[in-house]
Amino acid sequence: MSDTIRVPAPADFHVHLRQGPLCSLVTPHVRQGGFKLAYVMPNLKPPITTTAQALAYKKELEAIDPGIDYLMTLYLSPDITPDEIRKASKAGIVGVKSYPRGVTTNSEGGIESYEMYYPVFEAMADVGMVLNLHGEVPSNLKSNIHVLNAEASFLPHLVSIHVRFPKLRIVLEHATTRAAVECVKSLGETVACTITAHHLALTVDDWAGQSWNFCKPVAKTPDDLAALQGIVREGHPRFFLGSDSAPHPPNKKSTSTPQDTCAAGIYTSPILLPLVAHLLESFGALPRLQDFVCTFGRKFYCRELTDMTADRQVVLRRKSSIVDECFSLANETVVPFWAGRCINWTIDNM
């Protein structure tokens, strides 16, 4: 493998850009991390549930960095109707994100039952919008549901939606288990799966007692890690990068109280492409880098590249660097994944 890699227009198909001053800090990190496209999550306060809100949010992001292709999404809620779906599609909104109630950041208004949304899903299939599923069910003591089996317990919902709407494009977001990998592989060509960078590095032992490695869904067992790494190394075309890069203020990320947990989320945007290259190389998958961060996701989302000019390419060079301890703007600060650690690749032309 060469010491230089050229990647055409990397695309992150799952990123949180927040709002307000924090948004101003983290949005430029998409480009800094080597990416040209950002699939933007809608779990703001209040959540993005209308076409007008999504377009207004996109305008805010473009004012911060107009050089990124922002693909916008809606938050699945009772406010969304088939008419709103058709309106959103005509306006260029790409997907709808489903959050089960209470399982992650700003998901208090999440889903308890999918059947009531079948007319929405039918409309989405008709207009070609994508359903993005946070694949966990809420913890429940009586049902023995907890963070380690919440994803596996969700998979029957994925299967039932796919069977009912086989033409609906569905993405199971940020898979963490062998069960999820095998489930997606078994389904049709309209079902895909994102994998984060940090879930290619972490297991349960890395976040137990370490708040900076805590996210939802949590990293699982070594066998689950091996399955994620294996599917990337295999080069399966329906598995691609969605970073789930999720910034939080350090005081919320690093501390918990007797009443509240620390914030769930790992922030990778400013180091994303070098980090992914470093990780893929560590388990023999570096030749799959372009497929994982560009080709496969763009094909599934019908965003294939037509312009392959040099300014659309990001150049990685094999050169060690230390990840910054933090990034700040005005009164906002975020701490990245692997702060203070060494990464073996750097971006050469940014």
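Which strands each supply at least two residues of the lining of the second largest pocket? Strand 11 and strand 14 do so, and the points below start from the sheet that holds them.

1. Basis of the note. The model is predicted, so that local features need pLDDT of at least 70 and side-chain atom pairs count only at pLDDT 80 or more, whereas totals for chains, interfaces and linings use all residues. Residues are numbered from 1 along each chain as its sequence is written, and side-chain values use heavy atoms, with hydrogens and water left out.

2. Three strands form an open sheet in the order 1-11-14, with antiparallel pairing. Strands (E, at least two residues) and helices (H or I, at least four) are DSSP runs numbered from the N terminus, and two strands pair if DSSP finds at least two bridges between them. Strand 1 (4-8) and strand 14 (342-347) are the edge strands, each pairing on one side only. On average, neighbouring strands of this sheet are turned by 40° against each other, direction ignored.

3. Pairing and packing. Five bridges join strand 11 (residues 313-322) to strand 14 in the antiparallel sense; I347 in strand 14 is the bridge partner of L316. Helix 11 (residues 272-282) packs on the sheet and touches strand 11 and strand 14, contact meaning heavy atoms within 4.5 Å. The direction of helix 11 makes about 125° with that of strand 14; axes are lines fitted to C-alpha atoms, for helices over the stretch in contact, and angles run from 0 to 180 degrees between N-to-C directions.

4. The second largest pocket. Its volume is about 250 Å³. On a 1 Å grid over the protein atoms alone, a pocket is an open set of points with protein on both sides within 12 Å along at least five of seven lines, and lining residues have an atom within 4 Å of a point. The lining has 14 residues, of which Q32, P270, I271, P274 and S321 lie nearest the centre. Strand 14 gives the most to this lining, with four residues.

5. Residue T27. This residue lies in the loop between helix 1 (20-26) and helix 2 (28-32). T27 counts as buried because its relative accessibility is 0%, buried meaning under 20% relative accessible area with a 1.4 Å probe, protein chains only. Not counting residues up to four places away in sequence, T27 touches L17, L61, I64, D65 and Y70.

Notes:
1 Å grid on protein atoms, 1.4 Å probe; cavity = no way out; pocket = protein on both sides within 12 Å on 5 of 7 lines; lining within 4 Å. Points joined across faces, edges and corners; volume = space filled by probe spheres on them. Buried < 20%, exposed > 50% of the residue type's maximum accessible area, 1.4 Å probe, protein only.
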